[in-house]
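Okay, everyone, thanks for coming. Let me put the structure up, and then I'll talk you through some helix packing and a few surface details.

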Amino acid sequence: MLDLFTLVMQIALILAVCRVVGALFQKIHQPKVVGEMFAGIMLGPSLLGWIAPQASVYLFPPSSLVFLDVLSQVGIIVFMFLVGLGINSKELKEQGHAAVLTSHVSITAPFVLAVLLSLYLYPRLSDDSVAFTSFALFMGAAMSITAFPVLARILAERNMLDSRLGTLAVACAAVDDVTGWCILAYIVVLTRAAHTASVTVTLGGLAAFALIMTYGVRYLLRGFEKSYRNRGTISEDLMALMLLLVLTSALCTQLLGVHLLFGAFLMGAMMPKERHFVRYLQDRFETITVTLLLPLFFATTGLRTNIGLVKGREMWVCCGLIIVVATVGKLGGSTLASWFTGMPLREAAGLGALMNARGLMELVILSIGLDIKVISPTLFSMMVLMALVTTVMTIPLLEMVCPEPVIRGTMPTISDPDSKARLGEKAIDGAAA
Amino acid sequence: MLSAQVSDLRKQNEIYKTKSMYRKNLKFVMAYLILVGVPIVGLAAILRAGRTLAAPVSVAGVWKVDGHANAAAFDTLPCVGRFLPGSTSLSIMQSGRNLTLSFNDGSKVTAFGSGLIDRRAIKGSLAANQYPEHEIACRSERRVMLSAIVDGESLHRSMSGTMAVDGCSSCLPVEFRAVRTSSVSQELR
C-alpha cells in the first residue's frame, strides 16, 4: 500500500541532497548532473546503507521503492523525449565527412573493445541465463553511448556550442545516441523474444512503427510548430496533446516488446527542429523533469548501485578494465578519427574528451540492462562507476588538452584540402581585385 | 594580361579543387574502411568466438527451502537453527561465480552471507542477523555452512545439499532441498 508520508519524505530528501551535492560539484567546476549522480549513490547501499543501515531501511524501506521507481520512470520518459527533441540530423549533414567518420569510429571503437572485453567478463560476471551475444552487444552499446544532454550543457556553459569543436561534438553525440538506442532496442527484442513473439515479428513491427512515425506522424507534428510560429506560444491543450502523443508512442514500443523509452525518444526525434520552437519546448518540459523527476531517477539508480558488491582483487580488476576500455575506446577512437579528418590534435583530443562523457544516458541504459537481466547487480555497479568516472574526467581533460584559447582560435586548418582550396580561392579573388 | 593570368589561376584552382576533392574522398573511403569496416569484421569474429564460452549456472532468485520436512532437524542446530525452518526462503544474488546469499522470513532478512558456485556445486556461509541473547554460546558468532548441488534446467531449478554449523563438531549436518520460485532476487525489487 502507498505510504504517502514516506514517499513525500523520500522525495524531499532526494531533492535536498541532489541540490546540495549538485551545487558542491558545480563549485569544483563539474556539471551539476555529476553531483546529482553522486548524490543518488550516496543515498543507496554504497554509502548510507553502509554507514547507517537502520536509517537507510527507515528512509527507503524496500516496499516503498516501487512508487519512487514509477515516478522516476515517468521522468525518464519525458527526459528521453527531450533528448530526441534535441537531436537534429541536419547538423550531421552540415558537418560532412568529418562528422560521419568521427561519429562512426566513436561508436565502433568502444563497441568492438567492449565486445572483446566481454570475452573476459562473461564467464566472471554473467551466468548461463544470458547468451554471450546479448551480453556482449549490451556491453558494446553501453560503452559506446555519449551523454548528449550533458555534452550539450557543457558546451553551452563554455560558450562552445557554435565552435567547430562544439558543432562536431553535438552532431557525433547525436549519431552515437541514435545508434546506441537502435542496438539496445535489438538487444531488448533479442532477450525478450525468447519469452514472447519471435525476433523477426518484433523487429518488423518496430520497423513499421518507425516508418509510420517518419512518413506519417512527422508531418502532422509540424502543426505544433506552426501554432508556435503564429502565436509565439503553445496552448495548454496542445501541450497536453503533445504529452499524449509521447505517452502513446512510448506505449506502442512497449507493446511491440521493446521499451517505453524508445517510443518517447522516437517521438522527440520526429518533432520539428526549428531552434526557437525546440528551446521553447525544452523550457516548458525541463522545469519539472530536470528539477523534480530526474533526481528521483538518480536516487533509484543509486539505490540499486551497491559498490560493496565489487569486492576482491578480481572484481576490482574487472572494474578497472571496464573504465580503461570505455575511456580508450571512446576518447581514443574519437580523437583518432577527428585527427585523421584534419582536425588539429589538441582539438581532436578535446572532442574525444567530450565524447567520453556518458552521464545520465549511461544510467538509463544500465537500468534497462538490469531490468532485462542482461547484466548482474555487480556489473551494474561497476558500469555506474565507469559512467561516473568518465563523466567526471570530461571537464578537467577538456581544460587540459583544449584550453579556451585553442577553442577561440578555431580556424580552418591547412591540413584540410577543402580549406586549402578556399584559402587559394580567396587569394586569387584578392589578386583579381 | 592581368585578366588572362587571373583566368589561368582560376582554372588551376578548379583543377586543384577537383584533385583535392578526389584525394579527400579517397582518403575518407580508406579511413572508413580501416577504422570502421575492419573492426566490424573483427566484431563478427569475436561474437562467434564468444559463443563457445561457458558461464556459471544461473542460480539467482528466490528459492523456497523445504523446511517442513526437516523442522526438527533444523532445531537441533545451535544458535542458527531458529531461522531455518518454516516458510524461510533463500535469496541469491549472482554475479558470475560470486553469490550473495540471504535467508528471508517474509520481508525480513534473518541471515546474510556469501558463496561461490563451481559448475553446479554451491558453497557458502551465512551469519544470522540476530542471535538469541539467552544462549551464551551464540555470543561468539556462528555461521551456517551451506553446500548444495543444483539440478534442472533454466527456471525449473532445484538444489539439494546440507547445512551445518561452523565450529560445532557435535552437530550433524541437516539435509535440505530448495526449489527456485523466481529468478529475480528480492533485494533488487
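H8(A) and H1(B) cross in a right-handed way, meaning that the near helix is turned clockwise from the far one by less than a right angle. Their axes come within 9 Å and cross at roughly 140°; axes here are lines fitted to C-alpha atoms over the stretch in contact, with angles running from 0 to 180 degrees between N-to-C directions. That makes H8(A) oblique to H1(B), since under 35 degrees counts as roughly parallel, over 145 as roughly antiparallel, 65 to 115 as roughly perpendicular and the rest as oblique. On the H8(A) side the contact (heavy atoms within 4.5 Å) uses Phe132(A), Thr133(A), Ala136(A) and Leu137(A), and H1(B) brings Ile46(B), Leu47(B) and Gly50(B).

Quick caveat: this is a predicted model, with local features needing pLDDT of at least 70 and side-chain atom pairs 80 or more, while totals for chains, interfaces and linings use all residues. Residues are numbered from 1 along each chain as written, chains are lettered from A and ligands numbered from 1 in written order, and side-chain values use heavy atoms, without hydrogens or water.

H8 (residues 132–144) of chain A also packs against H19 (residues 377–392) of chain A, at about 20° with axes 12 Å apart. So H8(A) is roughly parallel to H19(A). Helices are DSSP runs, H or I, of at least four residues, and strands are E runs of at least two, numbered from the N terminus.

Now, which residue pairs with Arg157(B) in a salt bridge? Asp128(A), with the closest N and O atoms 3.2 Å apart; the cut-off is a Lys or Arg side-chain nitrogen within 4 Å of an Asp or Glu carboxyl oxygen. Both residues sit in loops, Arg157(B) between E6 and E7 of chain B and Asp128(A) between H7 and H8 of chain A, so the pair joins two chains.
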